[in-house]
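My entries follow in the order of looking.

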Amino acid sequence: MAGKVVTISSGKGGVGKTTATANLGISLASLGKKVVVIDADIGLRNLDVIMGLENRIVYDLVDIVEGRSKLRQSMIKHKKFEDLFLIPAAQTRDKMAVSPEDMVKLTDELREDYDYVLIDSPAGIERGFRNALEPADEVLIVTNPEVSAVRDADRITGLIEAADKGPGRLIINRLKPDLVKKGEMLSSDDVYDILGLKIIGIIPEDELVLSASNSGIPVTLNMDSKAGMAFNNVARRLTGEDVPFMNLDDNPGLFQRLVRFLDGR
Amino acid sequence: MTSLLNRLFGRTKRGSGATAKNRLHFVLQHDRINLPPERAEEMKKEILAVIVKYLAVDQERVEIALEQRDRMHSKLVAELPIVNETYKSENLKPEPVATVATDAGSNGAGKVNEGEPEDASAEDAEEDDKEPVADKSDEDSSKDDDKR
Ligand SMILES: Nc1ncnc2c1ncn2[C@@H]1O[C@H](COP(=O)(O)OP(=O)(O)O)[C@@H](O)[C@H]1O
Ligand SMILES: [Mg+2]
């Protein structure tokens, strides 16, 4: 079996990489895939708390890379999904403790037994990002519909292409449909025009994301959450399924309904 | 489809979203070639400084701009209208008769006869010039005909 390594990157911090990684991991697992998620943000460990696994950590990524622990015994199994595992980042070490080659070696081993290896990349364009990029078969770029986030997404896209890992696919996170409608926010079409990347997901702003991270239960497990549903769609698209984009507009006016009707949505 | 309908119904975006898009275009144009705006301005000034050593350029109408198709395809496009003074009387010294005034409108695609031409070449220039000028006025009048 040849699993796929998918890196979740962004350039700018705080746009939703960790949220996306956790939710994609859960969604893929609920689709019956065998999944490992790796927190590559050494020194700023986060994926563990978002997934509610912080109190189970014994070993971390650096322990594995430096040979202090065996890979299998270091992976933390999710409470709900048998085939979902986390490799946490080291919290007290420097990102230089891991090299891109280490990551390739590690993921090559995981690829044999798992369908998906998701890597949560740190922000920035330095070593941590290189570590996350090097083993990738596919890169997802998370951005927000906002000038600085899109600018940084463009920068990272250039680097991804230069490393022969492109073209990445885009997750537009925290979109506010009502603002887009008023012309007060970049639309997904705008972001597409600017970046020229295929969009694999449009995730609306959703308060339930915060409650989810408060409780350590990713939002995609919440059936009421639009963001959760949108993340689930991304996971399905990742597996090659053709999933239409969700309608994010709560109360479409007559005009919007006409457009949608003619668009076949 | 959506955008077509939006256009038909005059729903072009005017809010801060459109401003964001324009600003991103500007910023990315420079980011993508690693030439910040302030360096680009400097470069434009230097380019112009070199050109004006050789040509009289209409500085008001100079345009040097970046154009970008996508991340990997950019070009620098310059339009530098030349004020053609080749046929001005003071440049054709010994022949004050040759005042075929072609100041405005000549777009300088032709020769660059700078300095003081020798008598012979000045005559050449005068001869060469007469025909095109006649042609041009023909063209212009035919254009006017079309309009009417
Ligand atoms: N779709 C969303 N709706 C609301 N809040 C979100 C959404 N996505 C992310 N957030 C919030 O944004 C913040 C940053 O998200 P995070 O995933 O940690 O970003 P990153 O890993 O890129 O730094 C978090 O507080 C998270 O709860
Ligand atoms: Mg993060």
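**Entry: ligand 1**

The model is a predicted one, so I note its limits: local features need pLDDT of at least 70, side-chain atom pairs count only at pLDDT 80 or more, and totals for chains, interfaces and linings use all residues. Residues are numbered from 1 along each chain as written, chains are lettered from A and ligands numbered from 1 in the order written, and side-chain values use heavy atoms, with hydrogens and water left out.

Next I sorted the shell by residue class.

- The side chain of A:Asn173 has an N or O atom 2.9 Å from a nitrogen atom of ligand 1.
- A polar backbone atom of A:Pro204 is 3.1 Å from a nitrogen atom of ligand 1.
- An oxygen atom of ligand 1 lies 3.2 Å from a backbone N or O atom of A:Val15.

Taken alone, ligand 1 exposes 560 Å², and the protein buries 79% of that. Accessible areas come from the Shrake-Rupley method with a 1.4 Å probe; for residues, only the protein chains shown count as cover.

**Entry: chain A as a whole**

I counted 12 helices and eight strands in chain A. The C-alpha trace spans about 65 × 40 × 35 Å along its principal axes. I checked the radius of gyration, taken over C-alpha atoms, against the globule rule of 2.2 Å times the number of residues to the power 0.38. Chain A has 18 Å, which agrees with the value near 18 Å for a compact globule of 265 residues.

Buried residues make up 53% of the 265 residues in chain A. Buried means under 20% relative accessible area, exposed over 50%, and partly exposed in between (1.4 Å probe, protein chains only). Chain A exposes about 11,700 Å², with carbon and sulfur atoms supplying 48% of it. For contacts I use heavy atoms within 4.5 Å. Among contacts between residues at least 6 apart in sequence, 74% join residues at least 24 apart.

**Entry: single residues in chain A**

Is A:His78 buried or exposed? A:His78 counts as buried, at 8% relative accessibility. I found A:His78 in the loop between strand E3 (76-77) and strand E4 (84-87). Leaving out residues up to four places away in sequence, A:His78 touches A:Ile26, A:Met51, A:Leu53 and A:Leu84. A polar atom of the A:His78 side chain lies 3.5 Å from the backbone nitrogen of A:Phe81.

A:Gly32 sits in the loop between H1 and strand E2 (35-39). A:Gly32 is exposed, at a relative accessible area of 56%. A:Gly32 and A:Asp115 are 83 residues apart in sequence, yet 9.7 Å apart in space, C-alpha to C-alpha.

A cis peptide bond joins A:Gly166 and A:Pro167, with omega about -5 degrees. A:Asp164 has its place in the loop between H7 and E7. A:Asp164 has a positive phi of about 60 degrees, although it is not a glycine. A:Asp164 is exposed, at 72%.

**Entry: chain B**

Chain B has four helices and two strands. Along the sequence I read the pattern α-α-α-β-β-α. Buried residues make up 20% of its 148 residues. Chain B exposes about 10,900 Å², and carbon and sulfur atoms supply 50% of it.

B:Asn34 lies in the loop between helix H2 (16-31) and helix H3 (37-54). B:Asn34 has a positive phi of about 55 degrees, although it is not a glycine. At 69% relative accessibility, B:Asn34 counts as exposed.

Conventions: Polar contact = N/O pair within 3.5 Å; in protein donor to acceptor, adjacent residues only side chain to side chain.
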